[in-house]
Amino acid sequence: MGRDADRELLALAARQNSVFVVADAVGAGLTEHQCEHRIATAQWSAAHRGVYYPAGVELDWRGWLRAACLAGDPGVASHRSALALWDLPGQRRHVVELVTPHGDRVRRPDVVAHQTRDLPTSDLADVDGIPVTAPARSLIDSAAVLHASTLELAVDEALRRELVDLATVWHRLDGLARPGRRGIRALRDVLARRHPDADLAESVREAMLLKALQDARLPSPTPQFEIRDGRGHFVARVDAAYPASRIAIEYDSYLHHGGRRKHLEDLARRNALTALGWQVVHVAAPDLRSGAKAVCDAVRTLLDSAA
């Protein structure tokens, strides 16, 4: 019976990154006395308090992370460990980092443990069975330990892969903001830069674009130009255009990129413009605020080619 129980426990451990607790062993059929014997005779190695793995097995980073979470009772992978599980920039697989409810401590030199009074189920997820903070919460927590440039990369990648949307991160950030909480301002700055329209109205964008083109001594385009196909059917309204040269200028905004469906609609629209012989120059708020030199250079090249 003991051998059958050991085999069942090993099979269970294999599904859990090689780690298990005594309750797993008892559930597999071992008695508490048999468990104590396996610990005393070094058949099991201790990964953390009350968490074991079969002797001779080498744990990978996921195994050490899961073991720390089990020892946290309950612990949840967070911060840079959470970024590793979500495969986002800023991850550190050689660091075991987790968050636990306030008052529950994991005291080990190889674990970075954070405590919180605010960890609702909406902030929890799991990756391959390992408990982890949800993507939005992972970004918010990590803002306290990441360099600003790395935080930007993590936010952009999470948005690109649709792990989060801006509204969700903003909402959760407002809910977690506390005086003295690190990273809140840094993440707000990053999110604000991904809302370029928040402080740049359409009329302001148009004025800045026209001024940039004028300063570059380029012809003034036609603003808000409607493009139609050969049968007169409406195809698109572009922010500015040089109709004779079939050059369109489009303002790109994170606010207008609403996930996969909107992305596919944008691609279809751009393909339709291309099929009609139009070339599109894209401009974003940071371009306008910095003088839009690259945009003006692109427009000049296309106008010269058309001429």
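Helices (H or I, at least four residues) and strands (E, at least two) are DSSP runs, numbered from the N terminus. With those labels in mind, let's start the tour. This is a predicted model, in which local features need pLDDT of at least 70 and side-chain atom pairs count only at pLDDT 80 or more, while totals for chains, interfaces and linings use all residues. Residues are numbered from 1 along each chain as its sequence is written, and side-chain values use heavy atoms, with hydrogens and water left out.

**First stop: serine 78**

Select serine 78, in the loop between β4 (76-77) and α5 (79-85). Is serine 78 buried or exposed? Its relative accessibility is 0%, so serine 78 counts as buried (buried means under 20% relative accessible area, exposed over 50%, partly exposed in between, with a 1.4 Å probe and protein chains only). Now show its contacts, meaning heavy atoms within 4.5 Å. Beyond residues up to four places away in sequence, serine 78 touches Glu97, Leu98, Val99, His114, Thr133 and Asp141.

**Next: serine 142**

Move on to helix α6 (residues 135-142), where you will find serine 142. Serine 142 is also buried, at a relative accessible area of 0%. Its side chain reaches the backbone oxygen of serine 138 at 2.7 Å. Setting aside neighbours within four places in sequence, serine 142 is in contact with His79, Arg80 and Leu83.

**Then: the aromatic residues**

Select Phe20, Trp44 and Tyr52, which ring pairs link into a cluster. Rings of Phe, Tyr and Trp (its six-membered ring) pair if their centres lie within 6.5 Å; planes under 30 degrees apart count as stacked, over 60 as edge-to-face and the rest as tilted. The structure holds four aromatic pairs. For phenylalanine 20 and tryptophan 44, the ring centres are 4.9 Å apart and the planes are at 80°, so this pair is edge-to-face. Phenylalanine 20 sits in strand β1 (residues 20-21) and tryptophan 44 in strand β2 (residues 44-48), so the pair ties together parts 24 residues apart in sequence. Phenylalanine 20 is buried at 1% relative accessibility, and tryptophan 44 is buried at 8%. Tryptophan 44 also forms a tilted pair with tyrosine 52, at 5.8 Å centre to centre and 45° between the planes. Tyrosine 52 counts as buried at 13% relative accessibility.

**Last stop: valine 155**

Finish by selecting valine 155. Not counting residues up to four places away in sequence, valine 155 touches Leu139, Leu187, Val190, Leu191 and Arg194.

Key:
A polar contact is a pair of N or O atoms within 3.5 Å; within protein, one must be able to donate a hydrogen and the other to accept it, and residues adjacent in sequence count only if both atoms are side-chain atoms.
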